[in-house]
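This report describes a structure shown below. Please look over the sequence and the model before reading on.

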Amino acid sequence: MLSFLARRLGLLIPTFLGVTLLTFALIRLIPGDPVEVMMGERRLDPQMHAEAMHRLGLDRPLHEQYLSYLGQLARGDLGQSLRTRESVWNEFAGLFPATVELALAALLLAGVLGLLAGTLAALKRGSILDHGTMGLALTGYSMPIFWWALVLIMFFSVELGWTPVSGRLDLLYDVPPVTGFMLVDTLLSDERGAFLDALRHLILPAIVLGTIPLAVIARMTRSAMLEVLREDYIRAARARGLSPARLVFVHALRNALVPVLTVFGLQVGSLLSGAVLTETLFSWPGIGKWLIEAIGARDYPVVQNGILLIAALVILVNFVVDILYGLANPRIRHRQ
Amino acid sequence: MNTSSLASEPAWPSPLRDFCRAFARNRGAFAALLFLALLALCALLAPWLAPFDPAAQHRDFLLTPPAWLEGGETRFPLGTDELGRDLLSRLIHGARLSLSIGLASVALSLLPGVLLGLCAGFFPRLLGPSIMRLMDIMLALPALLLAVAVVAVLGPGLLNTVLAIAIVSLPAYVRLTRAAVLGEIHRDYVTAAKLAGAGRLRLMFVAVLPNCLAPLIVQATLGFSAAILDAAALGFLGLGVQPPSPEWGSMLAAARDYIERAWWVVTLPGLAILSSVLAINLVGDGLRDALDPKLKNLA
Amino acid sequence: MMLRRPTALLLAGLLAGAVQAAPSSLVVCTEGSPEGFDIVQYTAAVSADASAETVFDRLLRFAPGGSELLPALAERWEVSADGLEYTFHLRRGVKFQRTPWFMPSREFNADDVIWSFRRQIDPAHPWHKLSPRGFPYAESMAVGELIERIERLDEHRVRFVLRHPEAPFLANLAMGFASIYPAEYADRLLAAGTPERLNSQPAGSGPFIFERYEKDAQVRFRRNPDYWDGAPAIERLIFAITPEPNVRVQKLKAGDCQIALYPRPVDLPGLRRDVRIQVLEDEPLLTAYIGINTRHPPLDDVRVRQALNLAFDKSAYLRAQYGEGGASPAVAPYPPSLWGSDPTLAGWPHDPARARALLAEAGHAQGLKLSIWTRPGGGPTNPNPGIGAQLLQADLAAIGIRAEIRVLEWGELIKRAKNGEHDLVFMGWAGDNGDPDNFLTPNLSCAAAASGENQAGWCDERFDALLREARRTTDQAQRTALYRQALAIFHEQAPWIPLAHPREFAAVRRDVEGFVISPLGTNNFAGVRRAPANAPE
């Protein structure tokens, strides 16, 4: 097990270094001059420009610049936003919980409904229920979620007025950020009703972001269940007269969870892609919206290290999923 | 030899015929294929089918509702947008844009992807792992974010949208091809070819590649639909195809402001995206089932 | 003993805030995140609303809803006969805000005034270099060249000595960049080695005390109980940052905010039908225009520029962009309501045939290729940039000009337009002191052409001389005559396509009283109160 862990960890390092190289290169490829961006509206004479380039170390050879970038990263220095002068880490840390809250809500929704739908479809294979569920799943999988969000807003928020249009909380509630997770913070504060209000704000964005993972998980669960139901031990158990409900939910589902877990891992990347769109549409103050705006505004340190942080996150989640997968399935652990 | 006599003979187990039969049995996929054919026809004949130039502004008919609603005009069956442009014409021309973006980016990522994947599979010492690490790096970045970053470097526009999507979808093909190669490379027929003195190139392209085609075709179909979605998302963020090109995603972005007033400009482009992506995915499912029942387990 | 009253008030404020939907709270749906709170570093109106109009005060202020000058931190002032010396008598007993990050030990005095200005104009001042973006307002208005020195006469008297007479000087002192900071706070920050806190934890003498800012989400203020002009009726002021105009409107309808700034014209009919909502409007000092880059041939040819003016269908633009009654067509750089305008000046008609003829005369009968630059999101001068660019594109196509639209993020657009990379660029200007010069010098003077703020890159000696002369004249009638001559040159030379003077709108819930739109593009909530909860909604 330890050697498995070590091997996996060893693979992480070159990947991470590669990502730093990528973000380093990206910033130098984007047209535009960081010094000019930094100076904003200020008039710039060539001498001041050269001084600023020197101060930022942008006049040194590229490999030196890269090494000093790595050095900075090693010290945990992610630089400052050019627009706000706030440290990139602080901005990230302030916005990240909003994205995690949204993503977890979406995954929870997708996981529960997806497993349920997939299991039911597998059990009733070939029935109308099966076809209907899978048709819906494929539709969900094909959904342009930015449009889906617009349609839901149009219907539930504008037409019916059931859900708020955007944001995380009615601002009349004064809930200071403690954890950054609105559901937790509202519980910690003594504002009555704030928790339910936060929930009302969360529901539409979570549905939008959860749609595609829900579809994927439903499809995945169905095929994994079908596979498992064919296995000998299930047939044996069935022959022994185990109750069908117990059979499905205790034995089959547990085994079907393994491939589903991988999907969770694979979905992290697409979940973050989705978060970019969802956050933009619902004015959800998270990292997806933050990065898109930073790219538009040529806020180099934010773009560079924001992308780096996200990549690190994806790598980490995949690593954890890998490990869990190895734990759940000894065959994988020992094979490689 | 007489062709008619051939047809009456008991059928050989031709893989193509098997495939066609299997595919045709899948009614959903078949219907989707017909829909796609229709869409492709629309795209091809757009200038002749569309009642108006998609950029023509009818300035006295801003936001006209569809013909069947009160205030609608029969000239504009699906209504007009905020600049008085005929929505039907824009949707038809949009099909052209979306389908060609999809096709072009699939082609642009399929070819290098397959090549890299073959190399990765055939050179397991140094080249293979380095290619795979590179792909891991690209996979560590969320696709849309990577595409946005690529567009930020290259600038927005049709061609750069295609490039960005092609780059983003490269790793999938590389991984798939490599996995398929690794699955095939120890098979007897490959060993036999090797013993018979086939060169490495011949092994790669003539012996192994044709046997990896099934998953690649399925992946290319999925990539096609994903490309349409990604292009629309980029357009929606204002980074894709630029106005006045009637790209579905950028039409939606412009329509956001009219969500309370003009549902048709919000609904119709989205339906166009959804239905074409759904159709392609249905065809993809059908292809997968028909090509290789083993693949059914891939989500 | 002195401390007790404010503390009690503060406590009362906290308790009231805990009651849900207390009518003493005001939520305003604003259009964007402030760039920061050290207002002298920024020019965006959204930053000014969150700092200059809340946290800070100035020597003078504009009358609410107008551009008339009123005393504020300066109770009165004298101007020397030669117009070079301004002596200000400062208000006594003005307290700076108490915040967790700054407890003032003294009241406002002359040192604060001197600190606030010298910081911006004196390169030797310890704070001068600490502004990473410089002082864009002070720099673009050349305040450093204008002010020769600032003298402290005594604790409550300051004298500004100018190098030349400057008619708009007093009005300039009422603008955001002239905000007065507590020098004591700055000293403490510098001593602690944390000068950047001035930007994130502001303190001033204004009506509202900054509490908290969450990026892209909200800015929270509470009222300043010690405000010299009386504590505001609103106890809590909350800016709900909502960049999408339609979302602002939806939130207003849902009661999530009581004031929605800058609704788009397309949403107005729906808002007017809603009995719970009142639409306020005003004719602000706003001009939307297209800058024609006269540095790029063939746009250096006046005939081509005139042809562009003739080609553009302004009435179609106004209808699609601002809707019925949303704006009036522009002829000159500033609206006709401002003094110094010329009612006899007629705009270019929409005449594609004449435009084609002019183009042919200039030797471009075979057509041209140009770029149109615009930004992605809308603002008051350009609610929907995509529409405008596409209308212009279609109209130019009609006279044989092929135009390509380039959409650049706002900051990037401003920067590259300053470099003169564009051909045609959609721009807007909000007058911020009610003087015609405020429209002309920053946008159309030769100095502005050199610095790039003049996106047309247009430098006309005659025009420039008229502006200079008008600036040094104090008599309004004389200045009006000079400006009329200048406007005639502007019209004939056509460095812009003047588009529109948009009306400005704000939508408020019926229970909001005392909110007025300022023609100067800022929003101040010090005088706002909410009707008792039992009033009809």
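The sections below cover confidence, annotated spans, cores, cavities and points of local geometry.

## Basis and confidence

The model is predicted: local features need pLDDT of at least 70, side-chain atom pairs count only at pLDDT 80 or more, and totals for chains, interfaces and linings use all residues. Residues are numbered from 1 along each chain as its sequence is written, chains are lettered from A and ligands numbered from 1 in the order in which they are written, and side-chain values use heavy atoms, with hydrogens and water left out.

For the complex, the predictor gives a pTM of 0.83 and an ipTM of 0.86. In residues 1-22 of chain C the pLDDT is below 50. Beyond near neighbours in sequence, that stretch has 15 contacts in the model, a contact being heavy atoms within 4.5 Å.

## Annotated spans of chain B

An unreviewed UniProt entry lists residues 29-50, 97-123, 135-155, 224-241 and 262-283 of chain B as "transmembrane region". UniProt, again from an unreviewed entry, lists residues 95-284 of chain B under "domain: ABC transmembrane type-1". Positions are in the numbering used here, feature names are shortened, and annotations may be inferred rather than shown by experiment.

Helices (H or I, at least four residues) and strands (E, at least two) are DSSP runs, numbered from the N terminus. By this assignment residues 97-123 of chain B are 96% helix and 0% strand, with end C-alpha atoms 39 Å apart. Residues 262-283 of chain B are 95% helix and 0% strand, and their end C-alpha atoms lie 33 Å apart.

## Nonpolar cores

A nonpolar core is a set of buried Ala, Val, Leu, Ile, Met, Phe, Trp, Tyr and Cys residues joined through side-chain atoms within 4.5 Å. Buried means under 20% relative accessible area, exposed over 50%, and partly exposed in between (1.4 Å probe, protein chains only). The largest core has 170 residues, and those with the most contacts inside it are A:Phe146, B:Val265, C:Leu308, C:Ile372, C:Leu396, C:Leu424 and C:Leu499. Helix H13 (residues 263-291) of chain B gives the most to this core, with 13 residues. Neighbours within four places in sequence aside, C:Leu396 is in contact with C:Leu308, C:Ala311, C:Ile372, C:Ile401, C:Ala403 and C:Leu424. A second, separate core of 102 residues includes C:Phe37, C:Ala470, C:Leu520 and C:Phe525.

In helix H16 (residues 437-444) of chain C, 7 of the 8 residues are buried. These are C:Asp437, C:Asn438, C:Phe439, C:Leu440, C:Thr441, C:Asn443 and C:Leu444. Their cover includes strands E13 (286-292), E17 (424-430) and E18 (496-502) and helices H17 (446-451), H18 (461-471) and H19 (476-493) of chain C.

B:Val148 is in helix H7 (residues 143-154) of chain B. B:Val148 counts as buried because its relative accessibility is 0%. Apart from neighbours within four places in sequence, B:Val148 is in contact with A:Ile292, A:Ile295, B:Leu234, B:Leu237 and B:Leu239. B:Leu239 is 91 residues from B:Val148 in sequence, and the two are 7.3 Å apart in space, C-alpha to C-alpha.

## Cavities

The structure holds 10 cavities of 30 Å³ or more. On a 1 Å grid over the protein atoms alone, a cavity is a set of points where a 1.4 Å probe fits but cannot get out, and lining residues have an atom within 4 Å of a point. Grid points are joined across faces, edges and corners, and a volume is the space filled by probe spheres set on the points.

The second largest cavity holds about 70 Å³ of space. Its lining consists of A:Leu150, A:Ile153, A:Val165, A:Leu281, B:Arg256, B:Ile259, C:Asn246, C:Val247 and C:Gln250. Helix H7 (145-159) of chain A and helix H9 (245-253) of chain C are the elements that give two or more residues to this lining. The largest share, 3 residues, comes from H9(C).

## Local geometry

Most residues other than glycine have a negative phi, and most peptide bonds are trans. A:Ser283, not a glycine, has a positive phi of about 45°. A:Ser283 is in the loop between helix H11 (244-282) and helix H12 (287-296) of chain A, and counts as buried at 4% relative accessibility. B:Leu63 also is not a glycine and has a positive phi, of about 50°. B:Leu63 is in the loop between helix H4 (46-49) and helix H5 (87-122) of chain B, and counts as buried at 13% relative accessibility.

C:Pro297 and C:Pro298 are joined by a cis peptide bond, with omega about 5°. C:Pro298 lies in the loop between E13 and helix H11 (302-311) of chain C.

Terms used. pLDDT = per-residue confidence, 0-100. 1 Å grid on protein atoms, 1.4 Å probe; cavity = no way out; pocket = protein on both sides within 12 Å on 5 of 7 lines; lining within 4 Å.
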